[in-house]
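Have a go at each task before reading its solution.

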Amino acid sequence: MNEESTHSWRRRGWKPRSLRGRVLGALLVTGLLPVLILGVYSFLAERQRAVVLELSRLSDQSQQLCSYIDKYISSNSKLVRHLALTSEVASFLAEAHPDAARKGAMNAWLQQELALDEDLDALFMIRTDGLCTASSEPRFLGVNYAFRGYFQDAMARRSHLADWQIGLVTHDPCVFFAERVERGGRILGVIVLRIGMARVQREIRARSAEGKVAYLINADGIFLAHSQPDLVYTAITPIPASRLQEIQASQQFLGREHPVRISLNAHSIQTVFQTVATGQPVQSRYVRGGFARWVSLRRLESEPWVVGIAVNETEVYSHSQRILLLTTLACVLTLLLVVFGGFWFSRQILRPLGRLEDTINRFASGEVGVRAPEEGVDEVGRLKHHFNLMADTIQEQTEALAMRVDTLEGILPICASCRKIRNEEGVYEPMESYISTRSGAQFTHGLCEDCARKLYPELHDPDGRRKSPPRKPA
């Protein structure tokens with residue numbers, strides 16, 4: 001590239017790049033770019049696959065947990081209906097004032113029925129005034145349950161499966177099955193089966209050992225169980241005042257407060273209540289505390305409760321992060337290979353070309369005797385060979401031209417009359433012969449205008465202009 005073109009490029013804001021830079025750039029593009037594109041594609045594909053796979057796992061686990069809770073709750077409802085129809089229960093509730101022996105026998109009978117299933121927590125009978133008169137759990141005796149919703153529904157001729165409640169005596173979480181007992185159209189009382197929910201809480205907390213968050217939410221948005229115990233009985237959104245008064249009046253949670261301790265966006269809250277209302281399972285993504293999570297929500301069949309199992313997005317993407325790490329490592333290795341390849345290329349190709357460039361520059365600066373060392377028979381070797389041939393030809397022609405110029409330089413002794421030139425031997429020879437033998441020039445003769453007028457005056461006008469030739473007759 002000559003100096004003028006270089007300045008032109010610089011005026012335009014361009015910088016001429018060396019061949020070495022272009023080669024390294026080409027190696028980077030052809031070597032590093034495909035690895036980078038493949039790595040990014042694999043990373044994104046693996047992320048998508050990880051999300052699909054994890055959502056499938058969450059859906060299966062939420063379904064299994066729902067099935068477990070549904071079975072745990074609803075499998076014992078038939079026992080309450082059966083006991084409500086037995087003569088033992090009806091006859092006992094029909095007695096206005098049973099004696100102590102009669103009460104003891106009934107309590108033992110209830111304990112015997114309760115022992116048939118280890119999942120059952122307590123079995124007790126309530127008179128029409130709400131007073132517990134017989135129970136498998138002695139602490140229930142004499143307690144008035146008239147304010148409980150399950151008692152009121154059963155007395156209104158409706159079978160009732162109570163919402164999650166905290167026991168009035170045991171202070172343990174539980175649900176109640178209540179069935180009305182009647183004879184001859186007369187209501188005698190209510191028989192109630194209590195199922196403890198501590199087992200459900202333990203099952204949900206166990207999910208945290210798997211790196212997941214599991215919880216159970218009722219229709220009011222209250223956490224009934226959570227893998228983080230400090231969130232139990234808190235709410236996902238403020239509970240309306242009217243509904244909160246109903247909860248407090250029924251002593252469902254024995255006066256516990258239901259503060260909102262987690263921050264969820266409106267869409268996540270709406271998704272929970274939509275699952276409660278429609279019963280359709282939902283899978284979604286939400287952000288809590290600056291961390292994104294994927295969650296699978298599913299409603300129980302026996303209760304308007306929603307089971308949720310969530311996992312941190314970082315856990316979902318953990319495998320894809322390994323792919324990103326491998327991609328980064330591959331890019332680093334490729335970069336090292338490119339640098340090594342560039343160094344090798346520079347040593348094998350660019351360095352010989354650099355030496356050839358130095359030789360050409362020296363030749364151009366006047367060192368016509370310099371030659372490139374001919375090494376190898378590859379393209380660079382042949383290029384050096386042809387340069388040397390060209391340099392030999394240029395040198396020979398330059399030397400020949402210099403010899404001819406030297407023969408015509410200096411002071412030429414010439415005769416003032418005949419214009420002959422004296423040669424090296426002291427002999428005068430015609431100018432034409434002298435110059436032809438020393439320069440290769442050939443001469444031809446003619447007349448200048450001045451000589452033509454002197455020698456042929458008849459062909460010229462008095463003012464010196466040449467006459468026109470006479471016209472031939474037609």
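**Exercise 1.** Leaving aside its neighbours within four places in sequence, which residues is Leu-216 in contact with?

A word on what you're looking at: this is a predicted model, where local features need pLDDT of at least 70, side-chain atom pairs count only at pLDDT 80 or more, and totals for chains, interfaces and linings use all residues. Residues are numbered from 1 along each chain as its sequence is written, and side-chain values use heavy atoms, with hydrogens and water left out.

*Step 1.* Contact means heavy atoms within 4.5 Å. With that rule, the partners of Leu-216 are Ile-69, Trp-164, Val-200, Ile-204, Ile-222, Phe-223, Leu-224, Ala-225, Leu-300, Trp-305, Val-306 and Val-307.

*Step 2.* Now look at the largest nonpolar core, a group of 56 residues. Such a core is a set of buried Ala, Val, Leu, Ile, Met, Phe, Trp, Tyr and Cys residues joined through side-chain atoms within 4.5 Å; buried means under 20% relative accessible area, exposed over 50%, and partly exposed in between (1.4 Å probe, protein chains only). Leu-216 is among the residues with the most contacts inside this core, alongside Met-125, Trp-164, Ile-191 and Trp-305.

*Step 3.* Helix α2 (residues 19-74) gives the most to this core, with nine residues. Helices (H or I, at least four residues) and strands (E, at least two) are DSSP runs, numbered from the N terminus.

**Exercise 2.** Find how strands β7 and β8 are joined, and look at the turn between them.

*Step 1.* Two strands pair if DSSP finds at least two bridges between them. Strand β7 (residues 212-217) and strand β8 (residues 223-226) run antiparallel, joined by three bridges.

*Step 2.* Across this pairing, Ile-217 stands opposite Phe-223.

*Step 3.* The hairpin has five residues between the strands, and Gly-221 there takes a positive phi near 80°.

**Exercise 3.** Which residue pairs with Asp-220 in a salt bridge, and is Asp-220 buried or partly exposed?

*Step 1.* A salt bridge is a side-chain nitrogen of Lys or Arg within 4 Å of a carboxyl oxygen of Asp or Glu. Asp-220 meets Arg-243 this way, at 2.9 Å from N to O.

*Step 2.* The pair links distant parts of the chain: Asp-220 sits in the loop between β7 and β8 and Arg-243 in helix α8, 23 residues apart.

*Step 3.* Asp-220 counts as buried because its relative accessible area is 16%. Arg-243 is partly exposed, because its value is 26%.

*Step 4.* A search of the whole structure finds 12 salt bridges. One of the networks to look up links Glu-54, Arg-57 and Lys-212.

**Exercise 4.** What is the phi of Tyr-233, and where does Tyr-233 lie?

*Step 1.* Most residues other than glycine have a negative phi.

*Step 2.* Tyr-233 isn't a glycine, yet has a positive phi of about 70°.

*Step 3.* Look for Tyr-233 in the loop between β8 and α8 (241-250). Tyr-233 counts as buried because its relative accessibility is 10%.

*Step 4.* For another case, go to Gln-251, with a positive phi near 50°. Gln-251 is in the loop between α8 and α9 (266-278), and counts as partly exposed because its relative accessible area is 30%.
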